[in-house]
Amino acid sequence: MIGDVTGEQTGPLGPERRPVAPLTLLASLTACRSEEELYSRLHSALAGCPGAHLSSGPDWTLTWTDHPGAPDHAEFEILREGALNLRASLRALGRASRLSGLALQFAGRGQDAAVIQSALPEVIAAFSLRGVQGLRDQHGQLVPEPAWLAGTVQRQTWTAQDLQVVRRGAVTEYPDGLLLPLPGRWRARVALWLEAPGRSWSPEERSLLDLLARAIGTEHERVNDQRLLSALLAMQGRLLESDPESAYRPLLQEAVELIPGAQGGSLLVRDGAVFRYAAAISFDETDLRRITYTVDDTRDRWYGLGPDAWNRGVPRVLRDSRLRSQGSRFIEDGEPRVGSLPSVGQIAASIGVPILHEGEVYAFLNIDAHTDPDAFGEQSVEVTRSFAVQAALLLHENWQRARIQHAARTDVLTGLPNRRAFTEALDAEVANARRYGTALSLLLADVTRFKTINDSLGHAAGDQALVQVAEALRACLRAGDHVFRWGGDEFALLLPHTTLEGAQSARERIRTQLAGCVAGPLPLELNIGVAALPPGDDSGAKLLHDADTAMYREKQAARRP
């Protein structure tokens, strides 16, 4: 750095004095384009000026002392003030240029950690900071972002008030630094802490920082949008290769990971006249498997925005007490209940969105926050909406394939699932019973005197008798139960979460339901065998054998005079 200038130069014959015209010099300085150029010109011009002193360093000063041959004091004061103002302007322009370069550096490269690491020291240098720390809004708390750290940062704790500052997007000064939210189109979810104890910030500096913040925030959102698109494309490939039931949980997992503020969620799928839980994250899926909701309650109470919004797939947000009041009716094991599920008490905020295709609601997506009632801003809602649109297309494609598969597993005459479907369901329910330690029962039934009906009344009457039996069995089902046409005049009922005693009660309900049903002059009756899954039966083979044996015993007993 150039040393102090005292206004004297030493030549062969002693000090040389060169007069300086302060106002003329000031006019020439206005052509400078940088602080360095300004200092250089001042240094050169004042080198031979008696009484002028130009110190060194970035915050150099220009002073004047009385000296023979020195310029007029008033004119020198104008020069000094003008030079300092020029320095301040050039410094601001230089800082603005550097920050503009940083903003351009971020554009399109926000996913590159090296870009961030190289940019933060530039911010430290531009504003003479002690250090910079990136912060992230995570589940209702501001937490440090390890990849966004440069210099020395001593502050480590952040309050709920600091979080609200970030969410409001307000650049805020503190005694030990400045909190700089990084907003884009949406509410800021990241911020920079600029640590500079005792520093004051001019309006011009705050304006520059605001422009930089918006450039970084916009790039951060672009990176997240790109991540969302990549995830949706990857999800599309995975889900199209799987059946709907196995696709539900991965789809929900993607939603929870991608939607800002999400900590858990659930996916309800429509199953006839009810919605059932197909997947849940951060909740007990065992309990939820027993729960269903009517379509009307799901639309009118839990969703709550009305049929028009429902049919357009408009997301809605619930918080705190509204969650408990709107989620106050459900069906458990086929029985209507009034009140909220215990899991509702774990939710601080929830986004709900119907998933529909061509005007038909196939499913309902719940995205939940457990700790922060204000977790979901406009960005969260918009990402949820975009996700639901893509999920609808994927689920529709899966359901179309499922319908083809369903046709191969459905009995044409009765509309019940067939023997193939029974075998698959038995495997699945036995696995669930073993995994969760729950009960499972099976009823096998055949039509009493069915050969007589066919022989005396004809096969058309026999077919009609089978249809009547199927309708009666359907009427006795609870949510989660399954009924199948097992073959010929035989039917099977799988009853999850049902003990042997419960299955015996179901047998009596079936007989009551069939009372009065006839095929011509003959009453329609069933021989029904009942069995419960025994210990050690991991395939269902023993369960099936026991139910078949019980049905045979009942048939033999009915034949005795």
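Leaving aside its neighbours within four places in sequence, which residues is Leu 426 in contact with?

A: Happy to. This is a predicted model, so local features need pLDDT of at least 70, side-chain atom pairs count only at pLDDT 80 or more, and totals for chains, interfaces and linings use all residues. Residues are numbered from 1 along each chain as its sequence is written, and side-chain values use heavy atoms, with hydrogens and water left out.

Beyond those sequence neighbours, Leu 426 is in contact with Leu 494, Ser 539, Gly 540 and Leu 543, contact meaning heavy atoms within 4.5 Å. Leu 426 sits in helix H13, residues 419–436; helices here are DSSP runs of H or I with at least four residues, strands are runs of E with at least two, and both are numbered from the N terminus. With a relative accessible area of 7%, Leu 426 is buried (buried is under 20% relative accessible area, exposed over 50%, partly exposed in between, using a 1.4 Å probe and protein chains only). Ala 541 lies 115 residues from Leu 426 along the chain, yet their C-alpha atoms are separated by 9.4 Å.

After H9 comes Gly 304, with a positive phi near 85°.

Elsewhere, five strands form an open antiparallel sheet in the order S6-S5-S9-S8-S7; two strands pair if DSSP finds at least two bridges between them. Strands S6 (141–151) and S7 (172–174) stand at the edges with a single partner strand each, so one side of each has no neighbour in the sheet.
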